[in-house]
Amino acid sequence: MSLEQKLNQVLTHFEDLREKLSSSIGEPAEFARLSKEYSDLTPIAEKIIERQQLLRETVGLQEFLADPLLDKELQDMGQEDLQRIYDRLPHLSREIQLLLLPKDVDDDRNAILEVRAGTGGEEAALFGADLLRMYQRYAELQGWRFELMHESDTGLGGIKEASASISGKGVFAKLKFESGVHRVQRVPETETSGRIHTSAATVAVLPEAEEVDIQIEEKDLRIDVFRSSGPGGQSVNTTDSAVRITHIPSGVVVQQQDEKSQHKNKAKALKILRARLYEHQRAEKAAVRAASRKSQIGSGDRSERIRTYNFPQGRVTDHRINLTLYKLDRILDGSALNEMIQALISEDEVSRLADLGEME
């Protein structure tokens with residue numbers, strides 16, 4: 001299908017929706033469905049209409065300028081208008097391209113963030129805590145709500161693992177490329193010889209799933225309750241409020257003990273379990289798509305080393321897009337992280353546009 005055929009098809013569907021909307025006012029459910037589809041299609045329809053208008057203006061101006069009797073002043077005005085259209089059309093085509101891209105249905109979802117210390121002992125745990133703070137500060141700058149759900153600390157300022165719920169506009173769309181292994185190169189405070197150590201932490205960003213997305217049967221769960229404990233086994237709760245849920249078919253295990261209420265811990269554990277199972281389904285679909293994709297930026301493979309934070313050089317390098325920013329402090333405080341994230345989003349769009357085919 002040619003570009004013009006595709007755009008005409010979109011406009012025809014847009015007009016059909018407008019007609020159906022006017023005839024479905026007495027059917028609330030159908031009217032709501034059509035309204036959403038119409039609203040979703042409006043931005044690209046408006047761009048297509050603008051493009052068609054500019055193309056018509058181009059033809060008219062070219063005919064106007066071809067008149068040999070045209071005086072210089074009118075000719076200059078016509079050339080100026082024509083140049084304005086030539087300048088606008090490439091940008092408009094790019095906007096239409098992006099709107100034509102299939103949307104990730106999970107982009108508008110909230111997310112569950114999981115951070116785990118990897119290789120490197122206490123230094124890895126300290127780096128994990130740095131990453132958790134980075135995402136918390138970034139969430140605050142974005143106007144999102146950041147709720148710490150679980151944290152297992154080392155007692156020395158580091159974390160073994162932590163999970164948080166992040167909610168707001170476009171959370172998963174911006175954070176989904178953060179999944180993977182984050183590596184740090186720095187001199188630990190305990191290192192007397194000044195040697196640079198390399199440690200790692202793993203980040204997982206999971207789209208938050210609703211009950212309607214993932215049906216969990218009670219018979220598929222093994223729920224154990226036990227007494228919460230703090231670092232070093234110190235008791236922090238005298239009741240059996242901690243909850244461990246095992247999803248028997250998949251073997252996924254989730255543990256929650258941060259709340260004093262067993263009911264609240266169970267609810268949080270189920271929320272994380274649902275997100276992990278939903279992400280597993282996403283990963284399976286992504287693996288199929290990636291087989292025919294040139295880029296796998298959004299694969300979310302947690303075993304893939306995606307980024308290095310080099311403290312001696314003050315730089316952060318994302319290995320997937322070969323981008324290095326000498327803004328380590330500002331990235332870790334969340335203020336420059338968006339620059340890295342936007343670069344990843346742009347690269348993913350370029351890759352998907354290449355798969356879609358260049359517009360004529």
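Before the details, a quick word on terms: when I say buried, I mean under 20% relative accessible area, and exposed means over 50%. Also, keep in mind that this is a predicted model.

So, let's talk salt bridges. The count comes to 27. Take Asp106 and Arg109: they pair up, with their closest N and O atoms 2.6 Å apart. Is Asp106 buried or exposed? Asp106 has 2% relative accessibility, so it counts as buried. Arg109, at 18%, counts as buried too.

Next pair: Glu208 and Lys271, with 3.5 Å between the closest N and O atoms. This one links distant parts of the chain, 63 residues apart: Glu208 sits in the loop between strands E5 and E6, and Lys271 is in helix H6. Glu208 is buried at 11%, while Lys271 is partly exposed at 23%.

Then there's Asp220 with Lys219, again a salt bridge, 3.5 Å from N to O. Here Asp220 is buried at 19%, but Lys219 is exposed at 65%. And some bridges share partners: Lys47, Glu50, Arg88 and Glu95 are joined that way into one network.

Now over to helix H3, residues 72-100. At its start, a side-chain oxygen of Asp71 comes within 3.1 Å of the backbone nitrogen of Glu73. Further along, there's a kink of about 25° at Leu89, shortly before Pro90. Leu89 is among the buried residues of H3, which also include Leu82 and Ile85. Met77, also in H3, is partly exposed at 46%, and together with Phe64 and Leu74 it makes a nonpolar surface patch of about 260 Å².

Note on methods: Residues numbered from 1 in each chain as written. Predicted model: local features only at pLDDT ≥ 70, side-chain atom pairs only at ≥ 80, totals over all residues. Heavy atoms only, no water. Patch = residues over 30% accessible without salt bridge, like charges linked within 9 Å, V, L, I, M, F, W, Y side chains within 5 Å. Areas by Shrake-Rupley, 256 points an atom, 1.4 Å probe, with all protein chains shown as cover. Salt bridge = Lys/Arg side-chain N within 4 Å of Asp/Glu carboxyl O. Helix = DSSP H or I, 4+ residues; strand = E, 2+ residues; numbered from the N terminus. Buried < 20%, exposed > 50% of the residue type's maximum accessible area, 1.4 Å probe, protein only. Bend = angle between axes of the 7 residues up to and from the residue. Polar contact = N/O pair within 3.5 Å; in protein donor to acceptor, adjacent residues only side chain to side chain.
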